[in-house]
Amino acid sequence: MTGYIVKRIVVAFLTLLLIMCITFLLMNAVPGSPFLTEKSTPEMIARANAKYGLDKPLYVQLFNYIKSYLQGDLGTSLKMQEGTSVSRIIFHQGKFTLSLKLGVYALLLAVIIGIPLGCIAAYNRGKWIDGFLRVMTTVGVAVPTFVLATLLLVTFAVKLQWLPTLSGSLPDAKSYVMPVISLSFYYTCYVAKLTRTSMLDAINQDYIRTARAKGVKTRALILKHALRNSLIPVITYLGPVMAGIITGSFVVESTFSVPGLGKYYVQSVLNRDYPVIMATTVVLSALVIVMNLVVDIAYKIVDPRITLTEKED
Amino acid sequence: MSDILLKIENLSKYFPVKGNLFRKKKYVQAVESVSLEIFKGETLGLVGESGCGKTTLGRTIIRLYEPTAGRIEYDGTPIYDSAQKIAVDMLPYRRKMQIIFQDPSASLDPRMTVGEIVGEALDIHKLCSGKKDRQERIKALLDEVGLNTEHANRFPHEFSGGQQQRVGIARALAVEPEFIVCDEPISALDVSIQSQVVNMLEDLQRDKGLTYLFIAHDISVVRHISNRIGVMYLGQLVELGESYELCSHPIHPYTQTLLSAVPLPDPEKSRARQRILLEGDIPSPLDPPGGCRFHTRCPYATERCRAEQPALKEYGPGHYAACHLLEQG
């Protein structure tokens, strides 16, 4: 187990290195410059490039990035908050925490609502409630986040005036409601669909019949025997979702004016703020990698048949 | 041997097949109006080809499937009657009637240890007084089926097929049942292990006075273990009789065919024997043929067989068959 985790961490570092290289190449493949404005002259751009080392050959720039990252230095912002260190922007100005909070709540909501909905649909297969949930989840998966977010905004903030239009830095519980719901709705519906499918699969297994022959009550049958055996696909899905929900919050953060990382990430790309792009990409990639590792370990807990270390035969 | 433990009358089980806008809803007639009695302490074998409804009958008898129609009586008490609308709570009967499934690896919850699998039934029926008693019971049960105590902490996938089936048997025995449906308990096992499991089932029957409904498609195994044998074809019982009598003097054409297909160990005899080959495929249970269900493949079928369904009648002592040809003598 320990050996396995160590191995995975080494692979994770190599993956991050590769991601840095690719990000660097892509950044430089896109035309434009952080210093390009209507007023800037070629001399000014050249001077700024020299100041931040952007005039050096590409391999030297890449090497410098990797060197400073290994030292724990994520560089300084070139444009958006010129001169401020990127790690300060991401972690200390609360951007990451804001996105993380939204993401975690959205994920919790998706799990807490999605899994029971899936169970209910599977248990009542073919009945009206299953049909209703099927339509609802299909719509939920199909409707784009910005449509849902706008609808919520118009209904609850503008017409009914129950909730604030600007969520800002999420000062109170009210400000969470709409961003979290619009962020999690897609995932809730997807988790419900996934749970239903894998639950139906489990319900038809022989061991469910065994349990019924023992005299297990319906509730325990669903929770203890069927659900535990149908969670694997859901867990697989949740790992990448965790990271996706944070980066994917760009639309939601824009709609509800939340100054989170998702919004900032997209702005950094538009502004060609190279160090910020690089740092956000690496941080989010690291999150995806960590979540995948957590998921793989969670498998082992959910299903004893899965062995993490490769067999010797 | 003459006490009736289980009696079923005209038991039917249909499975709905989803229709749509253009197709009417249809039913698979898996079991159609089967009546039989099972005596205390006996083994009743049930044979027939794949898809003939043996498994469905076994599961419907213990109401793992809710019957479509008919009556089930256990030890004199009706537990299901469609005419009188009786459908008792099965929980107390789950203690008396148990089942061993065909595929041992699929029938054990992969998330639970063997100890939990065996112990769960003890908890449900409140059969043990405390933690220590529970441990002892599980240990004794595993011991009874030839497994070690330390096996209790392992998961089903760590066992071989034969061991898994032993776990399945220990699980069924946990509630101290009187009646066990053995649903092809050895079909999924290696030949070398089949006899071990069959012998163990026989020993357990002798020690505990169990009654078995033994389902299999291999008539030679059933002949060995059963007191009486029932033969099913397309959801219906076509012949029923004492094991030896039925195998030596089969009277229904389908049973004769079935027996002629049993391989003989002696090649000389095997060559000399006339094998009856049936023509055509088994008809779909969605749309079974009218009259005698066997008439489409029966070499002796007459007009009457096509028109009229034969009833199960006694032709020798305890030897029943459903065939028009026999009535004519």
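In this predicted model, helix H6 (residues 128-142) of chain A packs against helix H8 (residues 173-203) of chain A, with the axes 8 Å apart and at an angle of about 135°. H6(A) and H8(A) are therefore oblique to each other. The crossing of H6(A) past H8(A) is left-handed. On the H6(A) side the contact is made by Leu133(A), Thr137(A), Gly140(A) and Val141(A). H8(A) contributes Phe185(A), Tyr186(A), Thr188(A), Cys189(A), Tyr190(A), Ala192(A) and Lys193(A). Sorted by class, the residues of this contact are seven nonpolar, three polar and one charged.

Chain A as a whole has 14 helices and zero strands. Its C-alpha atoms fill a box of roughly 80 × 65 × 30 Å along the principal axes. The mean pLDDT of chain A is 84, with 97% of its residues at 70 or more. Within chain A, confidence is highest in H6(A), at 92, and lowest in helix H11 (residues 232-247), at a mean of 78.

Helix H3 (residues 114-124) of chain B and helix H4 (residues 131-144) of chain B cross at roughly 115°, and their axes come within 10 Å. H3(B) passes H4(B) in a right-handed crossing. The residues that meet are Gly115(B), Val118(B), Gly119(B) and Leu122(B) from H3(B), and Arg134(B), Arg137(B), Ile138(B) and Leu141(B) from H4(B). This contact divides into four nonpolar, two polar and two charged residues.

H3(B) also takes part in the contact between the chains. That contact involves 17 residues of chain A and 20 residues of chain B. On the chain B side, the elements that give two or more residues are helix H2 (91-94), E7 and H3 of chain B. H3(B) supplies the largest share of that side, three residues. The chain B side comprises eleven nonpolar, four polar and five charged residues.

Two sheets of chain B are described next. One is an open sheet of five strands in the order E2-E1-E4-E5-E6 (chain B), with antiparallel pairing. E2 and strand E6 (86-87) of chain B stand at its edges with a single partner strand each, so one side of each is left without a neighbour in the sheet. E1(B) has E2(B) on one side and E4(B) on the other in this order. Strand E1 (residues 4-17) and strand E2 (residues 26-39) of chain B run antiparallel and are joined by ten bridges. Along this pairing, Tyr14(B) stands opposite Gln29(B), and Pro16(B) has Tyr27(B) as its bridge partner. Five bridges pair E1(B) with strand E4 (residues 69-74) of chain B, again in the antiparallel sense. Here Leu6(B) stands opposite Tyr74(B).

The other sheet is open and has eight strands in the order E7-E8-E9-E3-E10-E11-E13-E12 (chain B), with mixed pairing. Strand E7 (97-100) and strand E12 (313-316) of chain B are its edge strands, each with a single partner strand, so one side of each is left without a neighbour in the sheet. Neighbouring strands of this sheet are turned by 20° against each other on average, direction ignored. The edge strand E7(B) is also among the elements that give two or more residues to the side of chain B that touches chain A.

| Strand pair | Sense | Bridges |
|---|---|---|
| E1(B) and E2(B) | antiparallel | ten bridges |
| E1(B) and E4(B) | antiparallel | five bridges |

Key. Residues are numbered from 1 along each chain as its sequence is written. Chains are lettered from A and ligands numbered from 1 in the order in which they are written. This is a predicted model: local features need pLDDT of at least 70, side-chain atom pairs count only at pLDDT 80 or more; totals for chains, interfaces and linings use all residues. Axes are lines fitted to C-alpha atoms, for helices over the stretch in contact, and angles run from 0 to 180 degrees between N-to-C directions. Helices (H or I, at least four residues) and strands (E, at least two) are DSSP runs, numbered from the N terminus. Angles under 35 degrees count as roughly parallel, over 145 as roughly antiparallel, 65 to 115 as roughly perpendicular and the rest as oblique. A crossing is left-handed if the near helix is turned anticlockwise from the far one by less than a right angle, and right-handed if clockwise. Two residues are in contact if their C-beta atoms, placed from the backbone, lie within 7 Å. Ala, Val, Leu, Ile, Met, Phe, Trp, Tyr, Cys and Pro count as nonpolar, Asp, Glu, Lys and Arg as charged, and the others, Gly among them, as polar. Two strands pair if DSSP finds at least two bridges between them. pLDDT is the predictor's confidence in each residue, from 0 to 100.
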